[in-house]
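The following note gathers several points for a colleague who is examining this entry. Please read it alongside the sequence and the coordinates.

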Amino acid sequence: MQTLLSLSHSPSTPHFPNFTPRPKFLPQFHSFNTFSLPPSSPLQLTAIKSSPFFISSPKLASFRLLAASISDARSDEPAKASGLVKTLQLGAMLALWYLLNIYFNIYNKQVLKVYPFPATVTAFQFGFVSLVINLIWTFNLHPRPSITGSQFATLLPLALAHTLGNVLTNISLCKVAVSFTHTIKAMEPFFTVLLSALFLGQMPTFWVFSSLIPIVGGVALASMTEVSFNWIGFITAMAANVTNQSRNVLSKKMMTSEEESLDIINLYGVLTMISFMFLVPYALLMEGVKFSPSYLQYAVCVQIF
């Protein structure tokens, strides 16, 4: 650049008062400035300040701005598409969960009507889940957890609450209609807020507290007008709410460190296997061996006649 300026003012060049010489290779400098150097390059900034031959183009600047905005918009499109896919997946999983839950409760009620032994039925359910989770671990569909002694001690009270919650729910299903049991279980958010305040110190906001009022009122109204109302079914459903939400709150309180925490699949699987070991001796002791073919045939006959 200094050489160029010295050439433009050298003694061999004719001097005119109002004339600035323009070299023939000016377009080459303009092209070099525009496309070879980045806009924030120190060399380009120095050249623009020190030389009148480098001229900025407003059209070129607007073209750069438009190109940058187009590239940003295109980069946002995959993120929006992935967010939509995740939302659809979540909606499909929730719908499938509701359908399976409805089928499970209706079929569970039919089984308990024919075979009214809730502890044994719950033990069979725990045993089947234990088999499935072990198959998942065996075929490496999900990583198998490594349970330490401290983790096992932490999981024992959670497994006890898990066991009681499922047994009490099945007892309630034996005594009252499926719809009434799950109307009572709609009180779970109330017990979640209550137990979170007691054990975690998380006080509800005014809006959360206000949203619980219609839930409590609806359950009370349904209980007063329920044709199949039974105190055993009502109390066991309420107790199932307390135990299930105690499990959720205590799992959050006890498993705070990353070393002791388990993901949701492993946590549910390990709790179910421990609950199965808890419940089998109790079911055999309290209800006995009453799943032979002859007894099942007798139970069906009693149910029909």
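Is glutamate 188 buried, partly exposed or exposed? The points below begin with that residue; the model is a predicted one.

1. Glutamate 188 is partly exposed, its relative accessibility being 22%. Its partner in a salt bridge is lysine 185, and the closest N and O atoms of the pair are 3.3 Å apart. Lysine 185 is itself buried, at a relative accessible area of 14%. In general, side chains of opposite charge can pair when their charged atoms come close. A search of the whole structure returns 1 salt bridge.

2. The largest pocket holds about 1,400 Å³ of space. Its lining consists of 34 residues, and those nearest the centre are Trp97, Asn101, Phe104, Asn166 and Tyr268. By residue class, the lining has 16 nonpolar, 15 polar and 3 charged members.

3. Helix 4 (58–114) provides the largest share, with 8 residues. At least two residues each are supplied by a group of helices that includes helix 5 (118–138), helix 6 (149–175), helix 10 (231–254) and helix 11 (264–286).

4. Leucine 173 is located in helix 6. With 1% relative accessibility, leucine 173 is classed as buried. Beyond its neighbours within four places in sequence, leucine 173 makes contact with Asn108, Lys109, Leu112, Val178 and Thr181. The C-alpha atoms of leucine 173 and asparagine 105 are 8.6 Å apart, although 68 residues separate the two in sequence.

5. Asparagine 140 belongs to the loop between helix 5 and helix 6. Its phi angle is near 55 degrees, a positive value in a residue other than glycine. Asparagine 140 is also exposed, with a relative accessible area of 67%.

6. An unreviewed UniProt entry places the feature "transmembrane region" at residues 88–107, 119–139, 159–178, 190–209, 215–243 and 264–285. Two of these annotated spans may be set side by side. In the model, residues 119–139 are 95% helix and 0% strand, and their end C-alpha atoms lie 30 Å apart. Residues 190–209 are 75% helix and 0% strand, with end C-alpha atoms 9 Å apart.

Methods:
Residues are numbered from 1 along each chain as its sequence is written. This is a predicted model: local features need pLDDT of at least 70, side-chain atom pairs count only at pLDDT 80 or more; totals for chains, interfaces and linings use all residues. Side-chain values use heavy atoms; hydrogens and water are left out. On a 1 Å grid over the protein atoms alone, a cavity is a set of points where a 1.4 Å probe fits but cannot get out, and a pocket is an open set with protein on both sides within 12 Å along at least five of seven lines; lining residues have an atom within 4 Å of a point. Grid points are joined across faces, edges and corners, and a volume is the space filled by probe spheres set on the points. Helices (H or I, at least four residues) and strands (E, at least two) are DSSP runs, numbered from the N terminus. Ala, Val, Leu, Ile, Met, Phe, Trp, Tyr, Cys and Pro count as nonpolar, Asp, Glu, Lys and Arg as charged, and the others, Gly among them, as polar. A salt bridge is a side-chain nitrogen of Lys or Arg within 4 Å of a carboxyl oxygen of Asp or Glu. Buried means under 20% relative accessible area, exposed over 50%, partly exposed in between (1.4 Å probe, protein chains only). UniProt positions are given in the numbering used here, feature names are shortened, and annotations may be inferred rather than shown by experiment. Contact means heavy atoms within 4.5 Å.
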